[in-house]
Every structure is written in C-alpha cells, then in structure tokens.
Amino acid sequence: YLRRLPLNTLKIDQSFVSGMMDEAGDLAIVQGVIGLARSFGYRVIAEGVETPEQCELLARAGCQLYQGYLFSKALSVDVLDSFLRTSQA
C-alpha cells in the first residue's frame with residue numbers, strides 16, 4: 001500500500017531520533033525507514049534533531065532533510081521570514 005500512496009517524503013518521528021543514540025531498536029527503525037524510503041525513491045526527513053551527533057548519524061544513514069532545535073526553535077511566520085533571509089546571505 002505504501003507504494004500506492006502519493007508520497008515523495010517519509011518522516012522519522014522524533015521519538016526514534018531521540019532514542020537512536022542509546023537504543024539499538026530505535027537505531028534499527030531509523031535505518032529501516034531510511035532504507036525503505038530510498039528503495040521507493042522517497043526523500044527522508046528526521047524530526048526532532050537536537051545534536052550534531054544525531055545529525056551526523058542520520059546523514060551517514062542516508063537521511064537528506066532535518067528539522068529540530070539543532071537548527072532553530074519554532075518560529076512565528078514573521079520571525080521565520082527574517083530568519084530565512086539572514087541565513088541565506
């Protein structure tokens with residue numbers, strides 16, 4: 001059924017991202033989701049990335065996109081616009 005859905009990206013839940021450094025089961029799930037997504041040609045986004053170590057491990061596993069406090073806290077639309085303009089310079 002997954003192949004039939006109109007998807008191009010799979011998201012890894014923050015609960016697995018936060019546990020993957022200490023729990024072999026969480027790491028296996030993260031790696032499995034990334035492998036599954038890649039086999040379908042989907043992009044992968046990891047939610048709740050808070051440390052450079054998490055980001056590096058995800059990148060080595062093949063994750064392409066990240067969101068979390070490592071990059072920024074949640075921002076209002078006005079603040080986000082300003083943040084994006086200054087971070088692109």
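1. **Basis.** This is a predicted model, in which local features need pLDDT of at least 70, side-chain atom pairs count only at pLDDT 80 or more, and totals for chains, interfaces and linings use all residues. Residues are numbered from 1 along each chain as its sequence is written, and side-chain values use heavy atoms, with hydrogens and water left out.

2. **Overall fold.** The protein chain has four helices and three strands. Helices (H or I, at least four residues) and strands (E, at least two) are DSSP runs, numbered from the N terminus. Their order along the sequence is β-α-α-β-α-β-α. The C-alpha atoms fill a box of roughly 40 × 35 × 20 Å along the principal axes.

3. **Surface and contacts.** Of the 89 residues, 26% count as buried. Buried means under 20% relative accessible area, exposed over 50%, and partly exposed in between (1.4 Å probe, protein chains only). The accessible surface comes to about 6200 Å². Carbon and sulfur atoms hold 54% of that surface. These areas come from the Shrake-Rupley method with a 1.4 Å probe; for residues, only the protein chains shown count as cover. Contact means heavy atoms within 4.5 Å. Among contacts with a separation of 6 or more, 46% join residues 24 or more positions apart.

4. **Helix α3.** This helix spans residues 52-61, and its buried residues are Gln 54, Cys 55, Leu 57 and Leu 58. They sit on the same side of α3, because they cover an arc of only 165° around the axis. The arc is that of the directions from the helix axis to the C-beta atoms. Their cover includes β1 (9-12), α1 (14-19), α2 (24-40), β2 (43-47) and β3 (65-67). Gly 62 follows α3, with a positive phi near 110°.

5. **Cysteines.** The whole structure has zero disulfides. A disulfide is a pair of cysteine sulfur atoms within 2.5 Å. For Cys 55, the nearest cysteine sulfur is that of Cys 63, 8.0 Å away. Cys 55 is buried at 15% relative accessible area. Cys 63 is buried too, at 5%.

6. **Ala 46.** This residue lies in strand β2. Ala 46 is buried, with 0% relative accessibility. Residues up to four places away in sequence aside, Ala 46 touches Ile 12, Val 17, Leu 58, Cys 63, Leu 65, Tyr 66 and Gln 67. Val 17 is 29 residues from Ala 46 in sequence, but 7.0 Å away in space, C-alpha to C-alpha.

7. **Asp 26.** This residue is found in helix α2. Asp 26 is buried yet has no salt bridge. The nearest side chain of opposite charge is Arg 60, 16 Å away. Lys and Arg count as positive and Asp and Glu as negative; His and the chain ends are not counted. Beyond neighbours within four places in sequence, Asp 26 is in contact with Ser 15, Phe 16, Gly 19 and Met 20.

8. **Salt bridges.** The count is two. A salt bridge is a side-chain nitrogen of Lys or Arg within 4 Å of a carboxyl oxygen of Asp or Glu. Glu 47 pairs with Lys 11, the closest N and O atoms being 3.9 Å apart. This pair links distant parts of the chain: Glu 47 is in strand β2 and Lys 11 in strand β1, 36 residues apart. Glu 47 is buried at 18%, whereas Lys 11 is partly exposed at 48%. Asp 81 pairs with Arg 85, with closest N and O atoms 3.0 Å apart. Asp 81 and Arg 85 are four residues apart in helix α4 (residues 77-87), so about one helical turn separates them.
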